[in-house]
Structure formats: structure tokens, C-alpha cells
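Please keep the sequence and the 3D view at hand while reading.

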Amino acid sequence: MKTHRLSDRPRDRFSADPEESWALPSWYYTDADIAARETEAIFADTWQYACHAEQVARAGAYVTREIAGESIFIIRGHDDVIRAFYNVCSHRAHQLLSGAGELSDAAIVCPYHAWTYALDGELLAARNSENVARFDAGELCLKPLQVEVFVNLLFVNLNPGAPALHSQLGNLEAELRSFSPQLDFLTLTDSRQYPIKANWKTIMENYAECYHCPNAHPSFAAGVVDMSTYRVKTHAIHHAHTSQSKPPQQGAYPIDAAATERAAEFGSWFIWPNLAIEVYPGGNLNLFHCAPDDPESSTQTIEWYFNDSEPTPQQTEIIDHLHRTVRLEDVALCESVQRGLKSRAYHQGRLIVDTPRSDASEHSVHHFQSLVRRALDI
């Protein structure tokens with residue numbers, strides 16, 4: 001394996017000008033020090049997708065997640081407010097909740113010493129604390145996190161001073177709703193996890209462009225979208241991919257052309273750093289979330305949202321078709337790239353960025369890589 005010593009690294013040819021730039025150096029995708037910096041500078045400092053709001057629809061319903069090495073939970077209170085907390089008891093640090101579910105009692109009870117908290121995080125009871133000098137329950141409430149709802153999706157941020165997610169996404173919500181007018185009525189229908197032997201950035205960069213689509217996803221490029229109309233527009237912290245789709249009678253799978261006003265369009269939106277929202281022809285919603293496991297492996301979660309919790313035969317055909325083609329094809333692509341990034345023969349490759357920002361342009365990869373470098377202060 002090639003060395004990662006700083007003194008041995010060739011010159012970094014990444015440029016602020018996408019049309020002049022080379023890709024990020026290969027060590028960004030294999031180096032343990034880079035991965036450790038990303039935990040704090042990216043994952044602990046950005047809005048991270050946690051779950052759909054329907055998973056905490058009732059008071060006492062909760063979901064736990066791990067973000068940047070921290071266990072957290074999201075819960076709906078009796079006042080109907082959704083809150084997020086670090087999943088740790090203020091007494092001796094036992095984790096309070098696990099998995100997802102709905103509390104049978106009106107409070108959160110630590111499994112260790114039964115310290116009891118209200119759903120808003122207030123410490124209600126600590127056995128024998130009345131006999132402890134200067135015991136101040138107000139100092140021992142649960143530690144809150146920022147939580148925000150965006151198009152029925154719940155995001156949390158470990159940085160208490162982070163700007164609101166809505167303020168950074170411009171008119172993305174309106175654009176999503178124009179592609180999927182039934183957005184508020186969709187429910188989780190299918191969820192799958194894909195362990196991938198690749199760095200999370202390798203996976204997100206593959207998602208960021210469709211330069212590879214005609215060659216690597218022939219079914220998608222020929223049967224789902226019209227590549228001549230495929231465009232990617234970059235914004236502050238997101239990308240918008242849009243394209244006309246093939247007519248229903250020519251497509252790779254059947255769609256209900258009456259399901260949405262924009263049934264003939266494909267839309268996909270990357271949200272920094274590791275989430276994508278897709279609307280395929282027909283108006284259904286698909287979430288693509290990527291979480292790092294270590295510098296060279298990640299877990300990709302795919303969630304499908306339709307009008308009912310059980311998919312129709314047509315919806316099952318859509319899910320299975322895209323699983324067999326685009327999803328599994330992308331897994332193989334990303335794992336091959338990750339192996340190649342460790343080659344002595346590779347350091348940096350030249351990005352293909354054209355002036356008109358055509359379907360064959362990688363300007364969105366450059367935008368993603370620029371956000372990485374900015375976060376890492378490089």
C-alpha cells in the first residue's frame with residue numbers, strides 16, 4: 001500500500017476554479033487522521049438526518065441514532081413538541097433509551113438507578129437525592145440538541161450555534177413539493193441497508209454526478225431519464241439534479257402518469273454532507289443516507305416512501321428494479337474506486353467540468369469537495 005506520510009505526498013492540484021481543478025488527493029479517502037477530523041468538523045457540525053416525523057407521531061414515541069460517535073434520541077413531548085437529547089443519564093452516564101419505540105409511562109426512566117426525566121428533559125426524580133446536600137435537580141436535566149423538521153424529515157445538529165437548516169436550503173422545500181405534491185401523505189414503505197467497502201465521500205461523489213450514468217447505469221440512462229436534459233445545479237449546501245423522464249410506455253418500469261403533475265420528471269437533491277432526496281417518475285420519494293463506519297467502509301440506507309405502508313405490485317417493481325440496477329451497480333463502482341484510491345499509480349485525477357455544465361460535467365463533485373475542504377479548513 002502506498003505511504004500516507006505528509007512529506008511523501010505530491011502537490012495538491014485542487015483548485016477553487018472547477019474548470020481548472022483536479023479531484024481531492026487520494027489520501028482524503030483512506031487516512032485515519034482525515035476521518036477523525038471529519039467526525040468533529042463535518043458530522044458533529046452539520047444537520048444530520050435522523051428519521052421521518054411519522055416515527056415520533058405520538059407523545060412518548062422516540063428514535064435513537066448515533067451521530068459523530070454520540071448516541072442521541074428524538075422524542076415527542078406531551079406538549080406535541082419534538083425534542084432531541086444526548087442519550088445519556090446525568091447521574092452515572094448510562095444510556096437511557098435504545099432502538100425506537102413508544103414509552104409506556106409518561107417519563108424517561110434510566111435503567112441503571114431509575115433517575116426519572118420528563119419528556120422535555122427535566123429531572124423529575126432521583127432516589128435519595130432529598131438527603132444529599134446542595135443537590136440541584138436543575139443542573140442535571142438532559143442535555144438538548146438542535147432538532148429541525150424539513151418536509152417531514154427530522155434533522156439534528158450537535159452544534160448548538162449552527163444556523164437553521166431552512167435558512168441554508170433556499171427554496172428547496174417548494175421545489176420538492178412541486179415534484180411530489182402528495183409529500184405530506186407519504187409513509188415509509190421499504191427500507192434497505194447496503195454495507196459498502198468505500199469511504200463515505202467516494203459514495204457521495206458517485207451520487208453527485210451522472211457523467212457515469214450512460215456507461216455504468218444503462219437501464220437508468222436509457223429507461224428512466226432523458227440524459228440530454230439531465231442537469232445538476234449547485235447551491236450553498238445542496239445540489240439539484242433534474243431531468244425529463246422517458247414516456248411511461250418506453251420506461252424501464254411502469255408509472256402512473258396521473259400520480260403527480262410532474263410524473264414525467266426525475267428530481268434528486270443532495271443535502272450536505274450525506275443525504276439525498278429523490279423523486280422518481282410517479283411522485284414517490286426515496287431517501288439515500290450514507291454514514292461512515294471507518295475510513296474505508298460505510299453503510300448506505302435507502303428508504304422508500306409511498307402512499308401506503310405496504311407496496312403495490314407496481315411499487316415493488318420500481319423498488320426492485322432500482323435495487324438490481326442503480327443501487328447494486330453503484331456499490332460495485334464505489335468499491336472499485338476505493339480499491340483504486342490505494343494504488344501507487346493514483347494520486348489525483350482531473351475533473352471533467354465543462355462551461356455549459358452539461359450532463360457530462362462534474363462541477364457538482366467539485367462543489368462537494370470544496371465543502372469538504374472548507375469544513376476541514378484546508
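The lining of the largest pocket is made up of 10 nonpolar, 10 polar and 6 charged residues. The model is a predicted one.

**The largest pocket**

- The volume of the largest pocket is about 720 Å³.
- Its lining comprises 26 residues, of which Glu66, Ile67, His289, Ala291 and Pro292 are the closest to the centre.
- Helix H1 (32-43) and the strands E1 (48-52), E2 (61-67), E11 (187-196), E16 (285-294) and E17 (297-306) each contribute at least two residues to this lining.
- Strand E16 provides the largest share of the lining, namely 5 residues.

**The second largest pocket**

- The second largest pocket has a volume of about 530 Å³.
- A total of 22 residues line the second largest pocket, and the closest to its centre are Glu205, Glu209, Val337, Tyr346 and Glu362.
- Helices H4, H7 (313-341) and H8 (363-376) each supply at least two residues of this lining.
- Among the contributors, H7 gives the most, with 5 residues.
- The lining of the second largest pocket divides by class into 12 nonpolar, 6 polar and 4 charged residues.

**Cavities**

- There are 4 cavities of 30 Å³ or more in the structure.
- The largest cavity has a volume of about 160 Å³.
- Of the 17 residues lining the largest cavity, Tyr207, Phe220, Glu278, Val326 and Asp330 are the closest to its centre.
- Two or more residues of this lining come from each of H4, strand E14 (265-271) and H7.
- H7 gives the most to the lining of the largest cavity, with 3 residues.
- By class, the lining of the largest cavity holds 8 nonpolar, 5 polar and 4 charged residues.

**Helix H4**

- The N-terminal end of H4 is capped by Asn199, which has a side-chain oxygen 2.8 Å from the backbone nitrogen of Lys201.

Methods
Residues are numbered from 1 along each chain as its sequence is written. This is a predicted model: local features need pLDDT of at least 70, side-chain atom pairs count only at pLDDT 80 or more; totals for chains, interfaces and linings use all residues. Side-chain values use heavy atoms; hydrogens and water are left out. A polar contact is a pair of N or O atoms within 3.5 Å; within protein, one must be able to donate a hydrogen and the other to accept it, and residues adjacent in sequence count only if both atoms are side-chain atoms. Helices (H or I, at least four residues) and strands (E, at least two) are DSSP runs, numbered from the N terminus. On a 1 Å grid over the protein atoms alone, a cavity is a set of points where a 1.4 Å probe fits but cannot get out, and a pocket is an open set with protein on both sides within 12 Å along at least five of seven lines; lining residues have an atom within 4 Å of a point. Grid points are joined across faces, edges and corners, and a volume is the space filled by probe spheres set on the points. Ala, Val, Leu, Ile, Met, Phe, Trp, Tyr, Cys and Pro count as nonpolar, Asp, Glu, Lys and Arg as charged, and the others, Gly among them, as polar.
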